[in-house]
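The stops below can be selected one after another.

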Amino acid sequence: LHNLATVLTPLVGQRVVRLEFPRGHASGAALIGEGIDRIEARGKNLLVSFSGGSTLHVHLKMTGVVHLYEDGESWRRSASQAVVILGVKGFEAVCFKAPLVRLLKPGRVKTDRQLRALGPDLLGPAFDGHEALRRLRELDAEELGVAVMTQSAVAGIGNVYKSELLFNRHLDPFALVSSVGDDELAEFLAHARTVMQQNLIGSALKARGSRVTRPGRDRLRHPLSVYGRLGEPCFDCGTMIRMKRQGAQQRSTYFCPSCQPSRPSER
């Protein structure tokens, strides 16, 4: 999402010439002629702020994607999938298949329950690690792999990063948060921020949209350690990588049972 906000930078400072919601989520007619003041990511949320105070809020979840096109360029997806079309002079941003699209009235961003509930953003300019640690501690009864993806505790970690970052720190995804010490959690958060920042600023060094989470010289040839590698040998110890479903949403969690040994439920 932070990379996407950067891609959409050509829209910032320009005036809106087109704002349509083909699925009827809202009406953008009143915003024609307004300027685009800012485009930012907060966790997994994309926010487009307009000069009149309104904000476009998009959450891509697992299905959404945003493309930026120059005038006259053909869309790379079917128009039937479009949920938002935002046009300025020379450019058009099109959001396809995002399940959450909202146009918030002026002042609503600060009071909106969904956005206010977000935990500290790992890629935010002023990440509050102490607050993130406090919020994770409130999830002591949850499994670690579920807790670190809880956006109200710490915003930004998705399913791929969850598996990879926990592997890097040799933490068992299925251990209760209560079994993990404060120092371990703080070190995990610091590591997560570092790796995600490296991916953000180093995107030109890798395939667009991919993530690099492995250390070492072969990191570009093998960018991921465990995610998507079910039944393949661990690069570090040779043990076969496993996958288990986890949490209410039954998200896939990849792990090495040797490098990430289970631990007692209480520390």
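A residue is called buried when its relative accessible area is under 20%, exposed when it is over 50%, and partly exposed in between, using a 1.4 Å probe and protein chains only. This is a predicted model, in which local features need pLDDT of at least 70 and side-chain atom pairs count only at pLDDT 80 or more, while totals for chains, interfaces and linings use all residues. Residues are numbered from 1 along each chain as its sequence is written, and side-chain values use heavy atoms, leaving out hydrogens and water.

**Stop 1: cysteines.** Select C234, which is buried at a relative accessible area of 4%. Which cysteine sulfur is closest to that of C234? It belongs to C259, 3.8 Å away, which is too far for a bond. Now select C256, buried at 0% relative accessibility. Its sulfur has that of C237 as the closest cysteine sulfur, at 3.5 Å, again too far for a bond. A disulfide is a pair of cysteine sulfur atoms within 2.5 Å, and a search of the whole structure finds zero.

**Stop 2: helix α6.** Select residues 159–168, which form helix α6. Helices (DSSP runs of H or I, at least four residues) and strands (runs of E, at least two) are numbered from the N terminus. Ten of the ten residues of α6 are buried, among them Y161, K162, E164 and F167. After α6 comes H170, with a positive phi near 55°.

**Stop 3: a loop glycine.** Select G72, in the loop between β5 (65–70) and β6 (82–88). Is G72 buried or exposed? G72 is exposed, with a relative accessible area of 83%.

**Stop 4: confidence.** Colour the chain by pLDDT, the predictor's confidence in each residue, from 0 to 100. The chain has a mean of 89, and 93% of its residues reach 70 or more. Finally, select residues 204–209, where pLDDT stays under 50. The model has five contacts (heavy atoms within 4.5 Å) for this stretch beyond four places in sequence. Where pLDDT is low, the predicted coordinates should not be read in detail.
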